[in-house]
Amino acid sequence: MSLTAELTQKSEDLQHILADMGRVIVAFSAGVDSTVVAQAAVLACGDHALAVTAQSPSLATGEKEEAIQLASIIGIEHRLISTEEFSTDAYRANAPDRCFFCKTELYQLISHSIASEEWSSATLVNGANLDDRGDHRPGMQAATDFHVRSPLIEAGITKADVRNLARHWDLPIWNKPAHPCLSSRIAYGVEVTEERVQRIDQGEQFLRQQFQIEELRVRLETNELARIEVPLTQIQKLTSPTALEQITQKFLQLGFLNVTLDLQGFRSGSMNQFLSLDDLQIASQNN
């Protein structure tokens with residue numbers, strides 16, 4: 001895929017920004033955003049670029065393996081680190097600022113381990129793009145606290161630009177749906193536990209494999225209610241008597257007490273629609 005003149009300039013700006021850093025550590029989730037940053041970092045910095053992926057119970061099945069594979073394709077040095085955000089009371093409480101504590105754990109761990117050794121002069125970067133600025137993302141405050149830079153934002157790159165760059169660079173995840181952490185599926189105020197995120201992961205894997213639906217969410221509401229979101233065009237796959245019986249049996253077996261299908265369909269970040277302005281202001285003050 002060829003790039004427009006505008007996106008070619010943005011790509012060059014991105015690489016110049018990274019090159020000026022000298023040595024770069026990419027917080028690498030294997031999503032399309034951080035993968036594009038990692039690829040640009042290799043183009044700009046060569047062997048002076050490092051990708052770091054956090055291993056946590058909130059990482060969905062297959063994401064770690066995909067991160068390893070993508071790092072190999074890109075040709076960037078890659079390290080896995082284990083984070084322990086589940087040991088933090090504030091994280092498990094699952095207030096609207098939960099992501100702040102997760103990102104704080106990640107950035108602190110990288111800063112105190114990898115960046116304190118041979119990568120001490122490196123700049124830590126994330127995959128936030130220009131469109132992320134309008135969303136509820138308390139993790140960005142953690143980035144500010146640890147001086148983490150967002151080169152995609154600095155280069156004026158949008159989500160659409162990211163996918164076009166990934167396709168231009170022949171990255172196999174250019175059209176990969178967003179895969180936020182499993183904890184984001186749990187309703188605010190419901191405690192985040194390893195058992196709950198594992199249950200959500202197993203439910204999503206079952207639906208993908210059984211019904212061939214890639215983009216979906218299993219949301220965990222209060223009283224152990226599973227709320228399934230799939231695109232409106234895919235809902236019919238789940239509504240036959242046989243499918244309903246299979247889903248109900250599987251989800252009750254996993255430990256959910258009730259199962260429901262959301263007739264509004266898949267909506268990225270749908271949990272945030274329940275946040276009030278007061279919730280957002282409190283989260284901002286706490287950070």
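Guide: Buried means under 20% relative accessible area, exposed means over 50%, and partly exposed lies in between (1.4 Å probe, protein chains only). This is a predicted model: local features need pLDDT of at least 70, side-chain atom pairs count only at pLDDT 80 or more, and totals for chains, interfaces and linings use all residues. Residues are numbered from 1 along each chain as its sequence is written, and side-chain values use heavy atoms, with hydrogens and water left out.

Visitor: Why is Lys159 called partly exposed?

Guide: Its relative accessible area is 25%. That value falls between 20% and 50%, so Lys159 is partly exposed.

Visitor: What makes Lys159 and Asp33 a salt bridge?

Guide: A salt bridge needs a side-chain nitrogen of Lys or Arg within 4 Å of a carboxyl oxygen of Asp or Glu. Here N to O is 2.8 Å, so the pair qualifies. Lys159 sits in helix 8 and Asp33 in helix 2 (residues 32-45), so the bridge ties together parts 126 residues apart in sequence. Helices here are DSSP runs of H or I with at least four residues, strands are runs of E with at least two, and both are numbered from the N terminus.

Visitor: Is Asp33 buried or exposed, and how do you know?

Guide: Asp33 has 13% relative accessibility. That is under 20%, so Asp33 is buried.

Visitor: What does the salt bridge of Arg196 and Glu224 tie together?

Guide: First the pair itself: N to O is 2.5 Å. Arg196 belongs to helix 9 (residues 194-211), and Glu224 to the loop between strand 5 (217-221) and strand 6 (225-229), so parts 28 residues apart in sequence are tied together. Arg196, at 16%, counts as buried. Glu224, at 15%, is buried too.

Visitor: How do you know that Glu214 and Arg208 form a salt bridge?

Guide: Their closest N and O atoms are 4.0 Å apart. The rule says within 4 Å, so the pair counts. Glu214 is partly exposed at 43%, while Arg208 is buried at 11%.

Visitor: How many salt bridges are there by this rule?

Guide: The count comes to 21. Arg219, Glu221, Arg227, Glu229, Asp262 and Arg267 are linked in a network of them.

Visitor: Which residues make the contact?

Guide: Leu7, Lys10 and Ser11 of helix 1 meet Asp161, Asn164 and Leu165 of helix 8 (contact means heavy atoms within 4.5 Å).
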